[in-house]
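Please load the model in a viewer and keep a selection panel at hand.

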Amino acid sequence: MTLTTDEILALPKVLLHDHLDGGLRPATLIELAAEIGHELPSTDPDELARLFATNAASGDLVRYLEAFAHTIAVMQTADNLRRVAREAVLDLAADGVIYVELRYAPEQHLAGGLSLQEVVEAVQDGIEEGVAEALEAGYAIRAAAILDAMRHLDRSVEIAELALANRGRCCVGFDIAGPELGFPASDHREAFQLLREHHMPVTIHAGEADGAASVGEALGLGSARRIGHGVRIHEDIDGFGGEELVLGLIAQHALDLQIPLECCPTSNVQTGVAPSIAGHPMHELRNLGFAVTVNTDNRLVSGVSMTSEMAALVEAGWTKEDLFEATLAAAWGAFLPYDEKADLAELVIEGYGLEL
Ligand SMILES: [Zn+2]
């Protein structure tokens, strides 16, 4: 029995990897761009969304990244950051998401004169407004933020300190994002050391543009509790896809510790990490017992939602049980206190109506 889109929409979802600057509503982007005189490739919401999705699917990273120049341009004031965060929460709630960790890089939102702390507070205000409004509309969603430092820049210690200073209300974790190849996690050794000393949860984009060694560095040097994408961890498994497998130390570590891999099916195909959704290594990784989770990455830029990503996986052969397992892995991988993760898992179990 295959699931319909409506059935998938109704399932409770846990989203660990979603970029705030990759998920704006097209109409909001157009409205905010007009206010500041920023030129967009189209001022028709449908056409703009289509253009971004086409660029993302083109296999050309420059065209893919173009979209972020537009979204980040309009996210330079407290009002706009608050609005984008609020709408993200509302859209995700309507998509059946019951818990999300939204991530963004505060250092990319300073051009309008905001301080790092003001950026964090504006986003948090928007998140809280979104959660309250969603509840009024009948959707119970919890939302938190992860602060990103950019891999190719040198502000990671500052961003780590910002994450620590805003722990609790505004921030549950830290990540590094941006170009992976040529900008190793070891460039940010000091930030990771600081976070480790303060027991701050860390996830690291790795195993996307660079191979398994980058995942190894994220897990070892970065003490990451989760891996953003992590797809190329399969390069540390000899005979991957066949019968006789030999796991390297990195893959074994991730498997033994059930490190959640924040897979983003469509995005991973668009950036060339997976040949297609049907041919995505996440299926085999899941079969081997890795903690594979399903994520959107950039909803506007890739033209996806959690429901559409899950529908694509169902199309590729996933069952309701498979979605259930991935959602539970995400719930237990959330950067939340243990009892709150247990509550989340309980909601997932109830919503799916399945036994463990
Ligand atoms: Zn990402």
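Is serine 223 buried, partly exposed or exposed? Select serine 223: with a relative accessibility of 31%, this residue counts as partly exposed. The model in view is predicted. Serine 223 lies in the loop that runs between helix 9 (212-220) and strand 6 (226-229). Most residues other than glycine have a negative phi.

Next, select aspartate 297, in the loop between strand 10 (292-294) and helix 13 (299-302). Here too phi is positive, about 70°, and the residue is not a glycine. Aspartate 297 counts as buried, because its relative accessibility is 3%, under the 20% cut-off.

Move on to helix 7 (residues 156-165), and highlight its buried residues: Ser156, Ile159, Ala160, Leu162, Ala163 and Leu164. In an α-helix, residues three or four places apart point the same way, because there are 3.6 residues a turn. Now display what covers the buried residues of helix 7, including helix 6 (116-136), strand 3 (142-150), strand 4 (173-177) and helix 8 (189-197).

Finally, turn to the cysteines. How many disulfides are there? The count is 0, with sulfur pairs required to lie within 2.5 Å. For cysteine 171, the nearest cysteine sulfur belongs to cysteine 170, 7.8 Å away. Cysteine 171 is buried, at 2% relative accessibility. For cysteine 263, the nearest cysteine sulfur is that of cysteine 264, at 7.2 Å. Cysteine 263 is likewise buried, with a relative accessibility of 0%.

Key:
Residues numbered from 1 in each chain as written. Predicted model: local features only at pLDDT ≥ 70, side-chain atom pairs only at ≥ 80, totals over all residues. Heavy atoms only, no water. Buried < 20%, exposed > 50% of the residue type's maximum accessible area, 1.4 Å probe, protein only. Helix = DSSP H or I, 4+ residues; strand = E, 2+ residues; numbered from the N terminus. Contact = heavy atoms within 4.5 Å.
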